[in-house]
Amino acid sequence: MKSDDNNMDIRIVLADPKENRDELILTERAFYNVYMEGCDEHILLRDLKKAKEYIPALSFVAKDGDRLIGAIYASKAFIEKGGKKIDILTFGPLGVDPDYQRKGVGEKLVKALIDKAKKDNYPAIVITGVPTYYPHLGFKSCYKLNLKMDDGAQFPALMGYELEKGFFAKEESRFSLASVFSIKHSRKELDTFDLCFPPLKKEKRPGQWKKID
Ligand SMILES: CC(C)(COP(=O)(O)OP(=O)(O)OC[C@H]1O[C@@H](n2cnc3c(N)ncnc32)[C@H](O)[C@@H]1OP(=O)(O)O)[C@@H](O)C(=O)NCCC(=O)NCCS
């Protein structure tokens, strides 16, 4: 692991099942200005922890000593196939503190979740995430898995990981997420939420695709 090369003392432990200010700050720091000016993943995390689909037993944080440096949050999601609705897993937000990115922390968090998901007998994980990051951790493109969103859409960010061998074989799988992921927050609401945390500077950067009002 690259993290060990850097003399870091990385521990992966369960996330706080309840709202936790340090976790909100970490998530804000990880996502700030990446996909929009500012971010909305920290407010999603606040809402997700109140949702019935949130799974504390599969949500982890990474620590370097006492410092919180990364986190991954799991929730129940669904696949419809062959006339059946099947409970599966998704995760997000997954964020690593900018000071610690590209040192293997994200990988450790994803692997911790996969290992526990196997033990808990979940059949599959489906995510919408960075298409360049997840393939080396074993995630496959939706185009290879005959996997679609519930409205039939396919796009490179939609990826699946089979925990039960053959889960995606044969029939088409249609994926849906907990409704908390569809909540839209206005710019005003996000700016007000940001006031609760140490100030960060909004920046325009290439690759910001999220639009908010
Ligand atoms: C994406 C993220 C979770 C990855 O975690 P990490 O600890 O930085 O990544 P790891 O050290 O496990 O893996 C890094 C490797 O993944 C690959 N990679 C591909 N796309 C990447 C990306 N967008 N960010 C980081 N690594 C990426 C690279 O090969 C990289 O290795 P390299 O540094 O030798 O080129 C982290 O960078 C992050 O929090 N980014 C901002 C928030 C975000 O985009 N979250 C994911 C949303 S789906």
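In this predicted model, Phe91 has contacts with residues well beyond its own stretch of chain: leaving aside neighbours within four places in sequence, they are Ile72, Tyr73, Ala74, Leu113, Ile125 and Ile127. Phe91 itself belongs to strand 4, which runs over residues 84-96. Phe91 counts as buried because 23 other C-beta atoms lie within 10 Å, and the cut-off for a buried residue is 20 or more.

Glu53 is placed in a loop, the one between helix 3 (41-48) and strand 2 (60-64). Is Glu53 buried, partly exposed or exposed? It has 18 C-beta neighbours inside 10 Å and therefore counts as partly exposed. Not counting residues up to four places away in sequence, Glu53 touches Ser75, Lys76 and Ala178. Ala74, a contact of Phe91, is 21 residues from Glu53 in sequence, with 8.7 Å between their C-alpha atoms.

The two C-alpha distances are set out below.

| Pair | Separation in sequence | C-alpha to C-alpha distance |
|---|---|---|
| Glu53 and Ala74 | 21 residues | 8.7 Å |

The next topic is a pair of helices. Two packed helices are described by the angle between their axes and the distance between the axes. For helix 2 (residues 21-31) and helix 3, the axes come within 8 Å and cross at roughly 145°. The crossing of these two helices is right-handed. Which residues of helix 2 and helix 3 meet? On the helix 2 side they are Glu23, Leu24, Thr27, Glu28 and Phe31, and on the helix 3 side Glu41, His42, Leu45 and Arg46. Sorted by class, this contact has 3 nonpolar, 2 polar and 4 charged residues.

Helix 2 is largely enclosed by the rest of the structure, because 8 of its 11 residues are buried. The buried residues are Glu23, Leu24, Leu26, Thr27, Glu28, Arg29, Ala30 and Phe31. What covers these residues includes helix 3, strand 2, strand 3 (67-81) and strand 4. Strand 4 is also where Phe91 lies. After helix 2 comes Asn33, which has a positive phi near 70°.

Terms used: Residues are numbered from 1 along each chain as its sequence is written. This is a predicted model: local features need pLDDT of at least 70, side-chain atom pairs count only at pLDDT 80 or more; totals for chains, interfaces and linings use all residues. Helices (H or I, at least four residues) and strands (E, at least two) are DSSP runs, numbered from the N terminus. A residue is buried if 20 or more other C-beta atoms lie within 10 Å of its own, exposed if 12 or fewer, and partly exposed in between; C-beta atoms are placed from the backbone. Two residues are in contact if their C-beta atoms, placed from the backbone, lie within 7 Å. Axes are lines fitted to C-alpha atoms, for helices over the stretch in contact, and angles run from 0 to 180 degrees between N-to-C directions. A crossing is left-handed if the near helix is turned anticlockwise from the far one by less than a right angle, and right-handed if clockwise. Ala, Val, Leu, Ile, Met, Phe, Trp, Tyr, Cys and Pro count as nonpolar, Asp, Glu, Lys and Arg as charged, and the others, Gly among them, as polar.
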